[in-house]
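These notebook entries record what I looked up in the structure shown below.

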Amino acid sequence: MTETETGPHTWRPDRFMVIVAHPDDADFGPAATAAAWIDQGSVGWLVCCTSGDAGAEDPDTDPLELAALREREQRAAAEVVGYAGVTFLHMPDGALVNDLILREHLVREIRTFRPDAVLATDPQTLFYRGRGVNHTDHRAAGMAAVDAVYPAARNPMAFPWLAKQGLAKHNVRRLYLFWTDHPNAFVDITSTVDRKLDALRAHESQMKDFASVENWTREWTAELGKSIGVEAADGFNVVIIDEDDEADEADAAEPGAQVEAGAAES
């Protein structure tokens, strides 16, 4: 088990992928961290397993029209954050399953983009400290992301037709699990909380009381920030799959090295 860090988390991936169940999950989740890393030179990609076609209160809503609307909203939010792109897998909203079909889609995305880190919902979270239930789609997406990262994406015999199509195995080095009750790393997002809120504003179909959303977002990120002495933070359960080698540690110690590396790949 990774020990809880006492200061701001400083490791930053050159390339990272955020995998979520629905449009807006990434913006309620790690958008501020994504924006902060992108500002420092990382390249990020967003994958939404569904298009949110069940995200309405009116049962007469046309699910195809709603899905199209929510995809437009998510693309607008992604531009605010700064992602290089967004993929929608078009799985059924409210019926997401961690099966081989979803896992193959995620392995394809991982082997195509080749991220150093994947951010996903912590699938271990069932109840939010007694204050609510984690949506079944969130848990399914989180577990599917974990299973796609390890072992599938790094195993050339998993979905071997992908390798034969030119998508070679890829080792994701770290998992960043958000919406977790067991954070062990905290990223300083003081400079990007407002960007997170701007991204959330893009999801107009889901925002019935944005003032309330802004209020609890600022309160929650401020509470997490106190643990490391900053104004605002995101908390993650970080799982290190591949340890850094000496070259990585030297790069991390060199000011600006990772920024230049990330910019070179963008």
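**Entry 1: Thr-121.** I listed the contacts of Thr-121, leaving out residues up to four places away in sequence, and found Ile-19, Asn-134, His-138, Gly-142, Leu-177, Phe-178 and Trp-179; contact here means heavy atoms within 4.5 Å. Thr-121 belongs to strand β4 (residues 117-121). Helices (H or I, at least four residues) and strands (E, at least two) are DSSP runs, numbered from the N terminus. With a relative accessible area of 1%, Thr-121 is buried. I use buried for under 20% relative accessible area, exposed for over 50%, and partly exposed for values in between (1.4 Å probe, protein chains only).

**Entry 2: basis.** I note that this is a predicted model, in which local features need pLDDT of at least 70 and side-chain atom pairs count only at pLDDT 80 or more, while totals for chains, interfaces and linings use all residues. Residues are numbered from 1 along each chain as its sequence is written, and side-chain values use heavy atoms, with hydrogens and water left out.

**Entry 3: salt bridges.** How many salt bridges does a search of the whole structure find? I record 10, a salt bridge being a side-chain nitrogen of Lys or Arg within 4 Å of a carboxyl oxygen of Asp or Glu.

I looked up Arg-173 and Asp-244, which form a salt bridge with their closest N and O atoms 2.5 Å apart. Arg-173 lies in the loop between α6 (160-164) and β5 (174-178), and Asp-244 in the loop between β7 (233-240) and α9 (246-253), so the pair ties together parts that are 71 residues apart in sequence. Arg-173 is buried at 17% relative accessibility, whereas Asp-244 is partly exposed at 21%.

I next took Asp-194 and Arg-218, a salt bridge whose closest N and O atoms are 2.7 Å apart. This pair links distant parts of the chain, with Asp-194 in helix α7 and Arg-218 in helix α8 (residues 210-226), 24 residues apart. Both residues are partly exposed, Asp-194 at 45% and Arg-218 at 35%. Through shared partners, salt bridges join Asp-194, Asp-198, Arg-201, Glu-214 and Arg-218 into one network.

**Entry 4: α2 and α7.** I found a salt bridge between Arg-195 and Asp-39, the closest N and O atoms being 3.0 Å apart. Arg-195 is in helix α7 (residues 193-201) and Asp-39 in helix α2 (residues 31-39), 156 residues apart. Arg-195 is partly exposed, at 22%.

Axes are lines fitted to C-alpha atoms, for helices over the stretch in contact, and angles run from 0 to 180 degrees between N-to-C directions. In the contact, Ala-31, Ala-32, Ala-35 and Asp-39 of α2 meet Val-193, Arg-195 and Lys-196 of α7.

**Entry 5: α4 and α5.** Helix α4 (residues 100-113) packs against helix α5 (residues 136-149) at an angle of about 55°, with the axes 9 Å apart. The two are therefore oblique to each other. I listed Leu-102, Arg-103, Leu-106, Val-107 and Ile-110 in α4 as meeting Ala-144, Ala-145, Asp-147, Ala-148 and Val-149 in α5.

How values were computed: Parallel < 35°, antiparallel > 145°, perpendicular 65-115°, else oblique.
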